[in-house]
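Hi everyone, thanks for coming. Have a look at the screen, and then I'll walk you through the side chains I picked out.

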Amino acid sequence: MLFWRTITQIFFREVRPRGAFNIPRDGPVIFVGAPHNNQFLDPLLLSLEVYRETHRKVQFLAAAKSMERKAVGFLIRMMDSIPVARAADSATPGKGRVWLSPDDPCLVFGEGTSFTTEFPPRTQIMLPKSVNSAVAEVSEVLSDTEMKIKREFGGESGKGTTRIREKLSEMRREGVNGLEYKKLPYVDQQEMYRHVYQCLTKGGSIGIFPEGGSHDRTDLLPLKAGVSIMALGAMANDPNVRVKIVPVGLSYFHAHRFRSRAVVEFGTALDVPSEYVEMFKKGGALKREAVAKFLDLIYDGLKTVTIRAPDYDTLMLIQAVRRLYKTPGQHLTLGQVVELNRRLLEGYVHFKDEPRVQNLRKDVLKYNRLVRNLGLRDHQVPRAQKASWKTLGLLTYRIGLLIVWTILALPGTILNGPMFILASIISRRKQKEALAGSVVKIAGRDVLATWKVLIALGVTPLLYAFYAILATMVAIRAKAPLKWRIWTPFLVTISLPFMNYAALKFGEAGMDVLKSLPPLIIALIPGQQRSLNKIKTMRVQLSNEVASLINDFGPRIYEDFNEARILVPSASVPPSSGASGLWRRKSSTGAVDAQGLGLTHPMTWIDERLFGWTKSAKRGTSAWGGFSGDEVSRVGTPDET
C-alpha cells in the first residue's frame, strides 16, 4: 500500500476522498466503482482510500486476460485479485454473414454459415460495432443457416432490433447481404464465485467495476449482473452473512494526464433486502427477478456518486456553466466541484427543453468560442486589465520567474527525458490497440494513464542504473580517489529521486506561471482591448443569467434548495458547514500545497505585493498550489491574479 501510495502521489497532483465516513469498519462489503475511466488506476485509488480510512484491504475482480500479461499480471496478483474470465476476451469470428427474420426478432438466418458446429449450447453471438456490438445467447440451432436466440438483440425495448434492421437495409442497398459476427463461448464462473463467497463469509472486502471493462465514455455502461449475484448468493449460502454494498464514484480532471486530479466519492452503504435473498433461494424466474431488482438498486446508488452526461459536449457545457456560476472570491474544494457538476447536470437534463435553457446553452457556447479565440481561459477573463506600465512590469517579472523555474527544473527534466518520450510513444500505441479491440471505447484514453505508470515503473530503475554506471565511469576516467569511485553509484542512485522530485515541483510552479502569461500578452497587443471588454461584459451578463435561471429552476428540483445550496452568488466565500458530505479543505495560502508537503512558493509575495492590485495581495498566493480552469480547489495563484 505504501508503494502504490507513493506512485499515485507522483502521478496525481491531488486525490481527494469524499464521504469516507460511509465506509463500514467491519463486516463483508462489496465496493461497487464507476465509471471505469482509468483502467488499472481506478482500483488503486479506491483501495488506497479505503485502506487510509479503515485499514481494510480490498480484493478486486480483474479480467483473467489482464492477469495473463507479464508485468500487469504480476502487479494485479500482488493485490491478491480474483481472476474473472470474460467471454468477449475469447471471441472468434464466425463463418459467413447473418441477418434477422423480418417477422421474428429472435430468429437469425445465415448465408455460408455452419451454425450446427459453431454454436454449442449456451454460446452467444455478437454483432459488429456498427450495430453497437449487440449480443444475444443462442437458445436453439435449427440448421446450419437458421437458429433462435433467447432474447432479441438490445433487450425487450426493440431499439436494438430496429437499429440492426436499418443497418441491414442500408447494406442491401450497397449490395452486401448480412452482417459479420463473432462467437462468444460459454464461460463457467463457479470458481470465481467460490472465491468471492469465501472472502465475504470471512468478513472481507470485494471491489468490482460492474460495467465489465474500462471505457472513456461520459455515461455509465449497462451494469453486469455479477455484483448482484455475489451479494445475494453470499447471503443465501450463509444466513449469518450481512453483505453491504458501497457505491463509489471516481471523478477525474484530465484522467490521462500526468499530475491530474481525482475525487473518490463513497456513497451511503446499501443493505441487501431480505425478500430478495428469499427470492434468490427459490431459483428460476424469481431468482432472475431478484438479481435484476437488486441490480437496479445498485445502479440508483451509483447515480448518487457519479456524473453521468449523455455526451461530451453536454459535459463541457455543464463545466462552463459551473465556472460562470462561481463568482470571484468563491473557492470550491474538488469535492464541491464534483457535487456542483452533478446538480447542474441533473437540472440541465430535467429542463433542457425550456427556451431559457436552450438560449443560455447557445450563448455559453458562443462565449466559449470567443474566449478560446483570444487564447484565454474563463477564469482569466474577469481579471483582464487595461494595458499599462503595471501590465508590462508584471509580464516582465513573470517571464523572469518562468526562466528561474525552468532552469531549476531543467536537470531533472533532461534526466527523465528518455522515460517521458518512451511512455508517450508506448502508451499511444497501447491506446490504438485497446481501441481496435474494444466495442465500447470512444478514443481509448482510459488506458493512457495506466501505461504511463507501468512504463515509468519499468524504465526508472534501468535509467537510474544507467546513470549510476555512467557516473562511475566518469569518476574512474577522472582518476578520482578510490573511496569516491566506490561511493559514486550509491550517491547517484540516492540523489536522483530527490533531484527528480525537485524538478517536478519546480516544473509545476513554472507551468502555473506560464499559464498566467496569455492575458498579459493579449492586453499589451494593440486593438485587443475592445475584444477583452466585449467578453468581460458578456461574461457578466451570462453569470447573471445563470444565477437567475438556477434560482428560478433550482427549487423545482430540490425542496431544500436554499438550505443545501453549495454556492451563494455573492463575493463572499460560502460557509464551510451545511449539507452533509460537503467539506472544505484548508487554503493553500497557509504554506501547504495540494499534497500537504509544506512547500511554499519562495517568490510569491513579490508577485502580489509589487504587482497584485486585488484583495489577494493582503494574503499572498501560492504558485505551488496550481490552477487550471476546471480545477478550483485552491486559492489564488499567478494563473489567476
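How many aromatic pairs does the count come to? It comes to 15. Before I show you any of them, please keep in mind that this is a predicted model.

Okay, how do we talk about a pair like that? A pair of aromatic rings is described by the distance of the centres and the angle of the planes. Take Trp99 and Phe109: their centres are 6.4 Å apart, with 40° between the planes, and that pair is tilted. Trp99 belongs to strand E6, residues 97–100, and Phe109 to strand E7, residues 107–111, so this pair ties together parts that are 10 residues apart in sequence. Now, is Trp99 buried or exposed? Trp99 is buried, because its relative accessible area is 19% and the cut-off for buried is under 20%. Phe109 comes out at 22%, so Phe109 counts as partly exposed.

Next pair: Trp405 and Phe506. Here the ring centres are 5.6 Å apart and the planes are at 20°, so we call the pair stacked. Trp405 is in helix H14, residues 389–436, while Phe506 is in helix H16, residues 482–515, so the pair ties together parts that are 101 residues apart in sequence. Trp405 is buried, at a relative accessible area of 2%, and Phe506 is partly exposed, at 22%.

There's also an aromatic cluster, made up of Phe11, Phe12, Tyr252 and Phe258.

Which ring does the charged end of Lys430 sit over? That would be the ring of Trp451, 4.6 Å from its centre. Likewise, you'll find the charged end of Arg343 over the ring of Tyr558, 5.9 Å from the centre.

On to salt bridges. Side chains of opposite charge can pair when their charged atoms come close. In the whole structure, a search finds 28 salt bridges, and I'll show you a few.

One of them joins Glu508 and Arg13, at 3.6 Å from N to O. Glu508 is in helix H16 and Arg13 is in strand E1, residues 12–18, so the pair ties together parts that are 495 residues apart in sequence. Both Glu508 and Arg13 are buried. And there's a network here: Arg13 and Glu508 are linked by salt bridges with Arg259, Lys505 and Asp512.

Strand E1 shows up again in the next one. Glu339 meets Arg18 in a salt bridge of 3.4 Å, N to O. Glu339 is in helix H12, residues 334–351, and Arg18 is in strand E1, so this pair ties together parts 321 residues apart in sequence. Glu339 and Arg18 are both buried as well.

Arg259 has a positive phi of about 65° although it isn't a glycine. You'll find Arg259 in the loop between strand E13, residues 244–253, and strand E14, residues 260–266, and it's buried, at 12%. His55 has a positive phi too, near 60°, and it's in the loop between H2 and strand E3. His55, though, is exposed, with a relative accessible area of 59%. One more backbone detail: the peptide bond from Ala34 to Pro35 is cis, with omega near -10°. Pro35 is in the loop between strand E2 and helix H2.

Now the surface. Which residues form a nonpolar patch there? They're Leu482, Trp484, Ile486, Trp487, Phe490, Leu491, Ile494 and Phe498, with about 940 Å² of accessible area together. Leu482 is in helix H16 and is exposed, at 60%.

Finally, the whole chain. It has 20 helices and 15 strands, and of its 641 residues, 50% count as buried. The accessible surface is about 31400 Å², and 58% of that belongs to carbon and sulfur atoms.

That's what I wanted to show you, thanks!

Note on methods
Residues are numbered from 1 along each chain as its sequence is written. This is a predicted model: local features need pLDDT of at least 70, side-chain atom pairs count only at pLDDT 80 or more; totals for chains, interfaces and linings use all residues. Side-chain values use heavy atoms; hydrogens and water are left out. Rings of Phe, Tyr and Trp (its six-membered ring) pair if their centres lie within 6.5 Å; planes under 30 degrees apart count as stacked, over 60 as edge-to-face and the rest as tilted. Helices (H or I, at least four residues) and strands (E, at least two) are DSSP runs, numbered from the N terminus. Buried means under 20% relative accessible area, exposed over 50%, partly exposed in between (1.4 Å probe, protein chains only). A charge sits over a ring if NZ of Lys or CZ of Arg is within 6 Å of the ring centre and within 35 degrees of the ring normal. Patches are made of residues with over 30% relative accessible area and no salt bridge: like charges are joined within 9 Å, nonpolar side chains (Val, Leu, Ile, Met, Phe, Trp, Tyr) within 5 Å. Accessible areas come from the Shrake-Rupley method with a 1.4 Å probe; for residues, only the protein chains shown count as cover. A salt bridge is a side-chain nitrogen of Lys or Arg within 4 Å of a carboxyl oxygen of Asp or Glu.
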